[in-house]
Amino acid sequence: MENIVNMFSIGFRPVSFRKTFLVILATLELLSASSFADSFLLAVSSTPYDAQMTRIRPVLQRSSQSDSNHPVSLSLVNHWMEDLRGIPYAFSKQWKTPAEVDSGGPADCKGKAVALYERMQAHGANRVRLVIGKRTPVSRVTHAWLTWETSGGTYVLDPTINWAALRTERLGEAAYIPFYAYAGTQRFRAVHTLLLATN
């Protein structure tokens, strides 16, 4: 019996608690990644995308031009989304500025989302966030979109894929999984609610 125990213990190396915890944490996040509605945004001081976003930081940090007499309507947002959805898609390593997106060339999800963010801020929309995450759990690359919280509900604004705003409660079971979000000078990391409940 002792030989059998020794045989099995030879192939295993001790794993640090931190590595084990990170593997468990990653597994829980993947298992709990069901939709945007299942996430909580936690304020953080930095994200892995901060260096890439230098070019668009002035757009994100520009204050909203609030006009209470003419609030941003859903139909106007849908019109902007149609315009941006009509721009041909082409991936860009750099984050394009709204001026570059509006210049007539192709743009990717990052550029279209930032251009929509700027339009909404310029017209007084509040509680708008730029989000980086995955469109679905099986997506191979990250995606960028906006969320917009209104008195009528929260919307996902994805001018790369959708022609109109989508209410978060109408999203599929596994749609729009956030990793990080930005609003003004604030940065957020998404924490899935199942993970919060287990901790």
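**Entry 1: layout**

From the N terminus on, I read the elements of the protein chain as α-α-β-α-α-α-α-β-β-β-β-β-β-α. That gives seven helices and seven strands; helices (H or I, at least four residues) and strands (E, at least two) are DSSP runs, numbered from the N terminus. This is a predicted model, where local features need pLDDT of at least 70, side-chain atom pairs count only at pLDDT 80 or more, and totals for chains, interfaces and linings use all residues. Residues are numbered from 1 along each chain as its sequence is written, and side-chain values use heavy atoms, with hydrogens and water left out.

I checked burial next: of the 199 residues of the protein chain, 40% count as buried (under 20% relative accessible area; exposed is over 50%, partly exposed in between, with a 1.4 Å probe and protein chains only). Of the contacts (heavy atoms within 4.5 Å) with a separation of 6 or more, 64% are between residues 24 or more positions apart.

**Entry 2: the sheet**

I traced an open sheet of seven strands, antiparallel in its pairing, in the order β1-β7-β6-β2-β3-β4-β5. Two strands pair if DSSP finds at least two bridges between them. β1 (39-44) and β5 (166-167) are the edge strands, each pairing on one side only. Helix α6 (residues 109-122) packs on the sheet and touches β2 (128-134), β3 (143-150), β4 (153-157) and β6 (177-183). The direction of α6 makes about 25° with that of β3; axes are lines fitted to C-alpha atoms, for helices over the stretch in contact, and angles run from 0 to 180 degrees between N-to-C directions.

Then I looked at β7 (residues 186-192), which pairs with β1 in the antiparallel sense over six bridges. In that pairing, F40 has V191 as its bridge partner, and V44 stands opposite R187. On the β6 side, four bridges join β6 to β7, again antiparallel. There Y182 stands opposite R187. The β6 and β7 hairpin has two residues between the strands, and G184 takes a positive phi near 60° in it.

**Entry 3: the core**

Which residues have the most contacts inside the largest nonpolar core? They are M53, M120, L130, L146, W148 and L157, in a core of 44 residues. By nonpolar core I mean a set of buried Ala, Val, Leu, Ile, Met, Phe, Trp, Tyr and Cys residues joined through side-chain atoms within 4.5 Å. The largest share, seven residues, comes from α6.

**Entry 4: α4 against α6**

I compared the two helix axes: α4 and α6 pack at about 150°, with axes 10 Å apart. That makes α4 roughly antiparallel to α6 (under 35 degrees is roughly parallel, over 145 roughly antiparallel, 65 to 115 roughly perpendicular, the rest oblique). V77, W80, M81, D83, L84 and R85 in α4 meet K112, A115, L116, R119 and M120 in α6.

I finished on W80, in helix α4. Is W80 buried or exposed? W80 counts as buried because its relative accessibility is 7%. Neighbours within four places aside, W80 is in contact with V72, L116, R119, M120 and H123. The C-alpha atoms of W80 and L116 are separated by 7.0 Å, at 36 residues apart along the chain.
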